[in-house]
Amino acid sequence: MPPLLTTIVFLPLVGAVVTALLPRQHTAWPRMAALVVSLVNLGLVTWLAVRFDVDGGLQFVERAQWIPQADIQYLLGVDGISLPLLFLSALLLPISVLASWKISDRPGFYFTMLLLLAVGMNGVFVALDFVLFYIFWELVLVPMYFLIAVWGGPRREYAAIKFFLYTLFGSVFMLVGIVALYLHPAGGTFDMTALVGAGFPAGFQWWVFAAFFLGFAVKVPVFPFHTWLPDAHVEAPTAGSVLLAGILLKMGTYGLVRVSLPILPEASVAWAWFVALLGVVSIIYGAAVAFAQPDLKKLVAYSSVSHMGFVMLGIASGTPEGLNGALATMFAHGVITGMLFLLVGMVYERTHTRLADEISGLSKQAPVAAGMLAFASFASLGLPGLAGFVGEFLSLVGAWRSELVPPAFVIVAAVGVLLAAVYMLWMVQRTVLGTPSPAVSGISDLNRLETAILVPLVVITVVMGVYWSSILRYVDPAVTALLAATGGM
Amino acid sequence: MLAGYWHLLPEALVVLGAFLALFGEFLPGRDKGAAYVAAALAGVAALLVAFGGLGEPLFLGQIDPDGIARFARTAIAGLAAVWALWIAGRGMPGERRRDAVALAMFASAGGMVLSMAEDLIVMYIALELSTIPAYVLMAYRRRDVSGLEGALKYFLLSMLTSIVMVYGLSFLYGISGSTAFDEISLQGAGTLGLVAVVLTLVGLLAKMSAAPFHFWAPDAYAGAPSASVAFVSTVPKIAGIAVMTRLISEIAPEMPELVTVFALSAAASMVLGNLAALPQEDVRRLMAYSGVAHTGYLLMAFAPGSELGYEAAVFYAVAYAVPSMAVMLLAAEEGTAVTDLGGLATRRPWLAWSAVVWLVSLIGIPPLAGFFGKLYLFGAAAADALWLLVVLAVITSVVSAGYYFRIVREMFFGQDRSVEAVPGRGAEVVAEPRASVAALALLAFATVAIGVGASPLLGSLGAILR
């Protein structure tokens, strides 16, 4: 049995190669292969989570020399910050496979890309060497490009290349930052764990933080780097949207927590107001634009910009509450937005429209779909008792307590919570309630497979919302350790 | 006494391959046989260099088979072998194979000697040996007027810059009284020293199509057969870079003005090359401009004048040459307009996916050869605090993704305009020659392997420098 993390990261790669080589006349084989691989992957990650010691810090570390001339290592490990995200990635993969069950156009190609994407997603959250981290970071670009460009909507090619070029633009600056850390006398290594507390001078940190932030901010995406997101989300196939919102956006905020805070602590303090400002602007801007969207998928996409703003705010605060809140929001947003994109996709398959004005009376025609949509919307707007509330509440508390974030920002952000309620409830009112519109009348309700895809997400949303420590027991010790390593902020 | 001279055996094998190819009439398989024999000999030469160990300087120190030379010679001989293998499968359009193969082998032998040169005279002769066959290769379709025009342009500019270079060499000799690299010292030579070095560099930069000496490349490439371009645009570049590291590191190790010279040329090449490549509709022109851009990245590594920079330059020259040759061979098979590649993914999926690997490597996306090449380049430049140059390089890399992905887009989403796709034209499926498939597969494998297996390669490079 090879080491667990290596297996988790590279099992999808093996699956991708196998899927690519399957004979083309058997159109059902690729999805079966992808499902088996993704379920085994989920099983392995669950097993990892069970064996994980919440107070044990960095665990399951695998270290080997890769390119000794430049001190580049093969270094993997998982802690309380990365474990929830790794689990989220493993959870959303089989769901994406099942959501793509009806893909009939070149299924082998499709599921190969999906599994290749999973290699990058899993890898980014466990890589602890900067070069390895960057490799996984960039590895998601090509499969996601093809997922959007081949199976996307009408403007898919434009959206795909826009996604590719924007995120590439951000990440090359991250590469410059990585090289800068390596070349600095206080650095001299690509080992992320060794660079924590390396004591870089503050002026140097300021520049490197800027380089990294550009890479992370495009990925998150924060206003004003967000323009690729609505295009990519609207054109992407459902599974692409789920993984894009669920995992790829989290890579940016994960980078802030994993790289910027511990390695560049002084710059994180110096930049905190700016990060918080962008977070708050994203919250309000995302909510306002979501409010004006007639297209449901765009609405969910812009609501992502808004929710990721809370994550940025929590991270900027530098307080234990804020960071716990940021990480909880990242996990919850992955689950809830995944649900929303799945539901929009399912409704679209039936009504052939995503315009809120043309969809009404879902509750009469398709009660299960309507109920799920209402539930996901409530979770998204941050209803107490559901997952979305945990993180946003903690982020706001953390930001309020923090000396780095001006109180006015927090007040404005709190208004954002209200706006989320407005645009979500208005959407629910238009689509779920009322009399069935022509597009809706005659459609079938969710079938068993579709319900089965959604139920695990519903359960997680409720459990996390009621029993906060289901996630905080992993996150909190890691956050405490992180803040201790940087001497608090 | 003669023990060390077996280090020249690989060059002898490549020259032997050239002569055998010239007399292809008498080989089994004739024209095709000539290409196979040359490919085999060049392949053996590459293996001999790679595993033959390092040698002491030969001929009173005029050539030196050291670490950089080993790396460059392996790559040159290996790429020449792959190219000949491809020619064995596909041939030159409308012409005989054997002369092209012979020319390529002569040029490769010249490049291999060039990368070992430790003396001005040897350097100049080897440079001409590697360039003169290239003129003929570029004009290989002798009835094609535009091809002849491009080749003539190449010939005239190349000759002109060679003469400028000789002028510079004469100054170097005048300053130091010697033609051996290690005896030339420009300490105290002042402005004259700088002029001499810059004049010498003009010749090398022009052959590598660095701005501002890049004008010949797009026209020459666009007129020439794609297969010729595949060779001429890649293999001589490796040798040029190798000899440049040697020359600069020995005769002008610490000349602050050179930093400016290299930085300006690098910046101009990156910006001009990448921006000019964006609107191109012809793969050869696109690759010509992208070649200018990649030369710009390479020159960036010379600006710091550090050992790390020289290593990075030689490594990147190879990391660039492998996928670049592959893309040009792809154009040779499928047509030279970007739109000719339309529908390639349905027509020949494996080839299309290999092309994605090559193009993505040229952009510099991990974990392929181009990424590690760029990582070392950026590292070398950044180590000397040339941050502006690094930032310019990363931004232009993103620009390059724009035009490389135009090709990807065309392959996967473009309309299939090939003969087989036109209904009623009789879809005669021609079996692909196994030799050319093998050549392209080797290039795809190498693009991945140079990236993932960068460690031992760097070890072999660093052996002599550290």
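A residue is called buried here if 20 or more other C-beta atoms lie within 10 Å of its own C-beta atom, and exposed if 12 or fewer do, with partly exposed in between. I note at the start that this is a predicted model.

**Entry 1**

**Entry 2: chain A as a whole**

I noted 20 helices and two strands in the secondary structure of chain A, and buried residues make up 63% of its 489 residues. The radius of gyration of chain A is 21 Å, which agrees with the value near 23 Å that a compact globule of 489 residues would have. Along the principal axes, the C-alpha atoms of chain A fill a box of roughly 70 × 60 × 40 Å. Of the contacts in chain A between residues at least 6 apart in sequence, 80% join residues at least 24 apart.

**Entry 3: backbone details**

I looked up two cis peptide bonds in chain A: one joins Val220(A) and Pro221(A), with omega about -10 degrees, and another runs from Phe223(A) to Pro224(A), with omega near 5 degrees. Pro221(A) lies in the loop between helix 9 (202-219) and helix 10 (228-235) of chain A, and Pro224(A) is also found in the loop between helix 9 and helix 10.

I then turned to position 60 of each chain. Phe60(A) has a positive phi near 55 degrees although it is not glycine, and it lies in strand 1 (residues 59-67) of chain A. Phi of Leu60(B) is likewise near 55 degrees, but Leu60(B) is found in the loop between helix 2 and helix 3 of chain B. Is each of them exposed or partly exposed? Phe60(A) is partly exposed, because 19 other C-beta atoms lie within 10 Å, while Leu60(B) counts as exposed because it has 9 C-beta neighbours inside 10 Å.

**Entry 4: inside chain B**

Helix 1 of chain B (residues 9-22) has 14 residues and reaches 20 Å from its first C-alpha to its last, close to the 20 Å expected. Its buried residues, among them Leu13(B), Val14(B) and Ala18(B), pack against helix 2 (30-51), helix 3 (67-90) and helix 4 (98-114) of chain B.

I also looked up Glu311(B), which is placed in helix 13 (residues 307-334) of chain B and is buried because 24 other C-beta atoms lie within 10 Å. The C-alpha atoms of Glu311(B) and Ala242(B) are separated by 9.3 Å, although these residues are 69 residues apart along the chain.

**Entry 5: where the chains touch**

Last, I noted that 24 residues of chain B are in contact with 25 residues of chain A. On the chain B side, helix 16 (369-383), helix 17 (387-413) and helix 19 (454-465) each supply at least two residues, and the largest share, eleven residues, comes from helix 17 of chain B. By class, I recorded 17 nonpolar, six polar and one charged residues on that side of chain B.

Definitions and conventions: Residues are numbered from 1 along each chain as its sequence is written. Chains are lettered from A and ligands numbered from 1 in the order in which they are written. This is a predicted model: local features need pLDDT of at least 70, side-chain atom pairs count only at pLDDT 80 or more; totals for chains, interfaces and linings use all residues. Two residues are in contact if their C-beta atoms, placed from the backbone, lie within 7 Å. Helices (H or I, at least four residues) and strands (E, at least two) are DSSP runs, numbered from the N terminus. Ala, Val, Leu, Ile, Met, Phe, Trp, Tyr, Cys and Pro count as nonpolar, Asp, Glu, Lys and Arg as charged, and the others, Gly among them, as polar. The expected span of a helix is 1.5 Å times one less than its number of residues. The radius of gyration is taken over C-alpha atoms; the globule rule is 2.2 Å times the number of residues to the power 0.38.
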